[in-house]
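I opened this notebook to record what I looked up in the structure, one topic at a time. The entries follow in the order in which I made them.

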Amino acid sequence: MLDWNSLVNGITDVLMLTSRNLKRYVRIPQLLVFSSIQPVMFLLLFNYVFGGAIRVSTGSHSYIEFLLPGILMQVAMFGSTATSVGLADDLSKGMVDRFRSLPIARSAVLAGRTTADLLRNFFVVVLMVVVGMVLGFRFQGGFFHALAALALVLLFAYSFSWISATIGLHVRDPETVQIASFIWIFPLVFASGAFVPVATMPSWLQDFAANQPVTVTVDALRSLMISGQTYHVGRALLWMAGILVVFIFLAVRAYKRIS
Amino acid sequence: MDAIKVSGVSKSFGDVEALKKVVLSIPQGGIYALLGPNGAGKTTLIKIMTTLLKPDSGSVKVGGLDVVSQAVQVRKIIGFAGQFAAIDDHLTGRENLEMVGRLYHLGRRKARLRADEILRQLDLAGAADRTGRTYSGGMRRRLDLGASFITSPSILFLDEPTTGLDPRGRADLWDVIRELVVGGTTLLLTTQNLEEAEELAKQIAIIDRGRLIAEGTASELKERIGGSILEFRVQSGEQLERARDATRDLFSGNQAIDPQLGRISGSVASSTDALAQLVRRLDASGINIADIHLRRPTLNEVFLALTGRESE
């Protein structure tokens, strides 16, 4: 039974834990500065280093138009590792034991962590769009399609935060978790249509690359941002819904089983 | 009603049996210590009591509530400070306490009020607005302890609250812990340190390899191995055997002999008598004493007496 009081308490818990996680960025501004510089650097490097070499076969678009949606996906994926590192850090320092001894929902700590990471991702995504526009990117699909694209990339980041949370709860050591994260993130980011067209890859890789969530979502982003269409959006949402259902279940179960 | 009642609790991690059918009753009010070496099962037991772990078999009632089926209600009436000082490095001392208070659903104003009270009580008011990362080890421990009693819980659990502190920090924390139970709180703490258990606790339970092996007041436990330890060294090794024979009947149990150091030690029932006797006998036998002293038994010796082996 869900009564009004416990609903209010539950929301307060998640808000308290979210703000606790966000305060880190206020207290160590360098953390926010450097974690923003990194994706901007990637955007500049990809645009000016690879931009000339990679010929995009999709019509007359410039590389920045092709690149920005891909970079947004990369930002979302790299950003999601913060979820597992933060959780592993809390585990190793005894914070999770303290939280688990408090009368709060088992999902509150995870919800607080993923919500904080969502807000941080929001900040970085907006920053990247601004930098992208300085480099010549233009939304050609109109305002609402642009908003939908941003919402989609944030939803993507949020669902990957839950994968990351599940990994953090199993690996538990902050340094190991960082290394472990790149093992699954790099193939997903690079064996995708984020930076190069999938058609340029060897055929055995194309089957994977064309259907994995990063490619499906980046295609949906391009459709929304460049042509104002909604191609691939349904498939992308399906992927995210699947990831959320599976990994929220797995993460909460792992959290309950911490010993 | 007992504050805590442990009935036949067992817990294994894979092949390792951490707890074996532990039975324990802890009365309301005052400090109770769970004493044992590293790996004895103290932390596992306290984690079961605080709902962080589920027992494989047996049951635990805390404040009359079952820790498995009524875990949520148990969490509302207890406070817990784990082995690590669980404070957020990036929040200030006050924010750390306020956050825990809010998570206990105290409400904004009440949480703030309690945070300030506790900071004063723990002598941390001057550091209230500094972030956790600037705190010393002792300050972190105190703040962590403060977070555990922000709701003034009726039952408080502290897992090795003074591990890693210097003697001064330890003594400061002892004072705080003693004050906490004045109002009738039941406080259960774990420790590896006999002196700490003796200083603080009315009742002590000794736990080893997952079993409860003794329970009683500090003096009751020490009586089991007899009063104090008398220890002396002879000047030359050849005299060791004669010294042992001459003093054998002064000790209440076996003599422990260290031939390398030329040292003999053992427990004595009446310490001053034994000391005087020992000096007279050795003098009469013409044995030269290099060093002699009386001391309290160590945890090792209580252990040795109770388990027949050294604690690790």
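**Entry 1: chain A**

I began with burial and found that, of the 259 residues of chain A, 44% count as buried; a residue is buried if 20 or more other C-beta atoms lie within 10 Å of its own, exposed if 12 or fewer, and partly exposed in between, with C-beta atoms placed from the backbone. I note that this is a predicted model, in which local features need pLDDT of at least 70 and side-chain atom pairs count only at pLDDT 80 or more, while totals for chains, interfaces and linings use all residues. Residues are numbered from 1 along each chain as its sequence is written, and chains are lettered from A and ligands numbered from 1 in the order in which they are written.

Helices (H or I, at least four residues) and strands (E, at least two) are DSSP runs, numbered from the N terminus. The radius of gyration of chain A, taken over C-alpha atoms, is 19 Å, close to the 18 Å that the globule rule gives for 259 residues, so chain A is as compact as a globular protein of that length. The rule itself is 2.2 Å times the number of residues to the power 0.38.

The C-alpha atoms of chain A fill a box of roughly 60 × 35 × 35 Å along the principal axes. I also looked at contacts, where two residues are in contact if their C-beta atoms, placed from the backbone, lie within 7 Å. Among contacts in chain A between residues at least 6 apart in sequence, 79% join residues at least 24 apart.

**Entry 2: A:Phe122**

I located A:Phe122 in helix 5 (residues 108-134) of chain A. Is A:Phe122 buried or partly exposed? A:Phe122 counts as partly exposed because it has 15 C-beta neighbours inside 10 Å. I also checked A:Val49, 73 residues from A:Phe122 along the chain, and found their C-alpha atoms separated by 27 Å.

**Entry 3: where the chains touch**

I recorded 20 residues from chain A and 21 residues from chain B in the contact. On the side of chain A that touches chain B, helix 1 (4-27) and helix 4 (95-100) of chain A each supply at least two residues. The largest share, eight residues, comes from helix 1 of chain A. I sorted the residues of this side into six nonpolar, five polar and nine charged. Here Ala, Val, Leu, Ile, Met, Phe, Trp, Tyr, Cys and Pro count as nonpolar, Asp, Glu, Lys and Arg as charged, and the others, Gly among them, as polar.

**Entry 4: chain B overall**

I counted 11 helices and 14 strands in chain B. Its C-alpha atoms fill a box of roughly 75 × 45 × 35 Å along the principal axes. Buried residues make up 43% of the 312 residues in chain B. Of the contacts in chain B with a separation of 6 or more, 68% are between residues 24 or more positions apart.

Chain B is divided into domain 1 (4-87 + 135-222) and domain 2 (226-296), with bounds from an automatic or database domain assignment. Taken over C-alpha atoms, the centres of these domains of chain B are separated by 38 Å.

**Entry 5: sheet 2-1-4-5 of chain B**

I traced an open sheet of four strands in the order 2-1-4-5 (chain B), with antiparallel pairing; two strands pair if DSSP finds at least two bridges between them. Strand 2 (16-26) and strand 5 (65-66) of chain B are the edge strands, each pairing on one side only. Strand 1 (residues 4-13) and strand 4 (residues 57-62) of chain B run antiparallel and are joined by five bridges. B:Lys5 stands opposite B:Lys61 in strand 4 of chain B.

**Entry 6: sheet 12-13-11-14 of chain B**

I found another open sheet of four strands, ordered 12-13-11-14 (chain B), also with antiparallel pairing. Its edge strands are strand 12 (256-258) and strand 14 (289-295) of chain B. Strand 11 (residues 228-234) and strand 13 (residues 263-268) of chain B pair in the antiparallel sense over six bridges. B:Phe232 stands opposite B:Ile264 in strand 13 of chain B.

Helix 10 (residues 271-284) of chain B packs on the sheet and touches strand 11, strand 13 and strand 14 of chain B.

Strand 11 of chain B is joined to strand 14 of chain B by six bridges, and the two run antiparallel. B:Ile229 stands opposite B:Arg295 in strand 14 of chain B. Of the seven residues of strand 14 of chain B, the number buried is zero, so this strand lies largely in the open.

Conventions: Axes fitted to C-alpha atoms, helices over the stretch in contact; angles between N-to-C directions.
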